[in-house]
Amino acid sequence: MSKLVQGYEVVIGFETHTQLATKSKIFSRASVAFGAEPNTQACAVDMALPGTLPVMNLGAVERAIEFGLAVNAHIAERSIFARKNYFYPDLPKGYQISQFEIPVVLGGEVSFFLEVGKETVHKTVRLERAHLEEDAGKSLHEDAALGGGGQSGIDLNRAGTPLLEIVTQPDMRSSDEAVAYAKELHKIVTWIGICDGNMQEGSFRCDANVSVRKPGAELGTRREIKNLNSFKFMQQAIDYEVRWQIDQIEDGHAIQQATVLFDPDTGETRAMRTKEDAADYRYFPDPDLPPLVIGRDWVERVRSEMAELPRFMAERFVKDYALPEYDATQLTQSKAVAAYFEATAKACGQAKLASNWIMGEVSRRLNASEMSIEQAPVSAAQLAALIGRISDNTISNNAARQVFEGLWNKEGASGSEGDVDAIIEAKGLKQINDTGELEKIIDVVLAANPKNVEEFKAGNTKALNGLVGPIMKASKGKANPAQVNELLMKKLS
């Protein structure tokens, strides 16, 4: 769904560098563990010492296959490694081993839901490719203005770290869509276990290609925002870049293709260098690496060993638990949430109620406490027991929230589902379902409110509310609302 900004259409494509969860580097046996002292995890191959040759990491290839299967892409039976030539101090060889003409993964798509106003929209972003490559090292700079020596150094620990670069088509039309896509992609790669998804450590780095155009016009000149390492900064950077490009065009300036960085302190993007095109990198096949050949039997073996994918699990939740598609998608945002839901639904037999509570009260409290579902004080068994007491009319929805509060604050003694009944008893929250007792309360309220009775009999249905309220108050909130309405209508008729 396109959203015009000042009369312009925003066009966004993504390139995401996903660090693959292997123990060693893509072409050497050096460790990829994070946080080591500089240059302690760079071997002769990573440093490009004379006479060294790269050897492909089998684990990196299998993780690329897993990703291709997860996004319903084509796994190339034969792909080629190429040399991408450019000169940076932290690139020891003077080129990066990557894939250009024939990548290991072709096509695929990532689908997600997006809230647009009061409407929930289903969006699909097409993937162009995903290719294997090695990471470069890291340049470290001392800031003389902050008391440093003003020197620069090179840390080659990251050199050779295995990456899967995932490239989309320019299908996104707003920062909201871009962030929703990035979150969904992050969910996929962490779900299947090919990446730990740690954005602060650089395991999941996004580059956003942003351009603007008048509706129906040719694509505008794009600028690439590099290394966005949080979803919050991603949205801020794209929004600023869009406004900046529109202002430039409105002032009569042409947009120059460039690579830019986002400064979270100022909330602005700034140009780092002129953006290169493929021809500038002088790609050619790497003579040290033979073509990567992936047989169908290898692909099928990887497929058979993979866990249930989130999109298939969501489809199963719709089929087996009669959930709306939106609920199923939200509940499969992580394996832990999906497992919590399924355990709750199976225990209480009320899948929709379980979904409502998990997406509502449970999620609200987790977000407020900055906790994960694994840290939730209320277990799936306890939530199922609580839902069971709502279903059998032991407690009202309002009373259920009080019980949940008690469970969350660990008021139960056992830490088991038995705490639900204990809290209900301790707080006196059990509903009055006894017809005789309710009728006595109703008779007293009707006698005390003759005006409401007359108005209702005269056709004013709203007068009923003036009777229900006092009845609930007289019962201290314990009366069963459905039963109260049924008995009221019977008596008033």
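Colleague: Which residues in H10 meet which residues in H11?

Modeller: First, a note on the source: this is a predicted model, where local features need pLDDT of at least 70, side-chain atom pairs count only at pLDDT 80 or more, and totals for chains, interfaces and linings use all residues. Residues are numbered from 1 along each chain as its sequence is written, and side-chain values use heavy atoms, with hydrogens and water left out. Now the answer. From H10 come Gln-402, Val-403, Gly-406 and Leu-407, and they meet Asp-419, Val-420, Ile-423, Ile-424 and Lys-427 in H11. Contact means heavy atoms within 4.5 Å. Helices (H or I, at least four residues) and strands (E, at least two) are DSSP runs, numbered from the N terminus.

Colleague: What classes do those residues fall into?

Modeller: The contact of H10 with H11 has 5 nonpolar, 2 polar and 2 charged residues. Ala, Val, Leu, Ile, Met, Phe, Trp, Tyr, Cys and Pro count as nonpolar, Asp, Glu, Lys and Arg as charged, and the others, Gly among them, as polar.

Colleague: At what angle do H10 and H11 pack?

Modeller: About 115 degrees, with the axes of H10 and H11 10 Å apart. Axes are lines fitted to C-alpha atoms, for helices over the stretch in contact, and angles run from 0 to 180 degrees between N-to-C directions. H10 covers residues 397–408 and H11 covers residues 418–427.

Colleague: Is the crossing of H10 and H11 left-handed or right-handed?

Modeller: Right-handed. A crossing is left-handed if the near helix is turned anticlockwise from the far one by less than a right angle, and right-handed if clockwise.

Colleague: And where does Lys-410 lie?

Modeller: In the loop between H10 and H11. Lys-410 is exposed, at a relative accessible area of 63%. Buried means under 20% relative accessible area, exposed over 50%, and partly exposed in between (1.4 Å probe, protein chains only). Phi of Lys-410 is near 60 degrees, a positive value in a residue other than glycine.

Colleague: Let's move to H8 and H9. How do H8 and H9 pack?

Modeller: At an angle of about 120 degrees, with their axes 11 Å apart. H8 passes H9 in a right-handed crossing. Leu-353, Ala-354, Trp-357, Ile-358 and Val-362 are the H8 residues, and they meet Leu-383, Leu-386, Ile-387, Ile-390 and Ser-391 in H9. By class, this contact has 9 nonpolar, 1 polar and no charged residues.

Colleague: What does Ala-376 touch?

Modeller: Leu-366, Met-371 and Trp-408, not counting residues up to four places away in sequence. Ala-376 lies in the loop between H8 and H9. Ala-376 counts as buried because its relative accessibility is 16%.

Colleague: How many residues line the second largest pocket?

Modeller: The lining has 35 residues, and Lys-183, Gln-330, Gln-333, Ser-334 and Asn-367 lie nearest the centre of the pocket. H2 gives the most, with 9 residues. By class, the lining has 17 nonpolar, 10 polar and 8 charged residues.

Colleague: Last one. What is Met-47 in contact with?

Modeller: Ala-42, Pro-92 and Leu-156, leaving aside neighbours within four places in sequence. Met-47 counts as partly exposed, at 34% relative accessibility.

Conventions: 1 Å grid on protein atoms, 1.4 Å probe; cavity = no way out; pocket = protein on both sides within 12 Å on 5 of 7 lines; lining within 4 Å.
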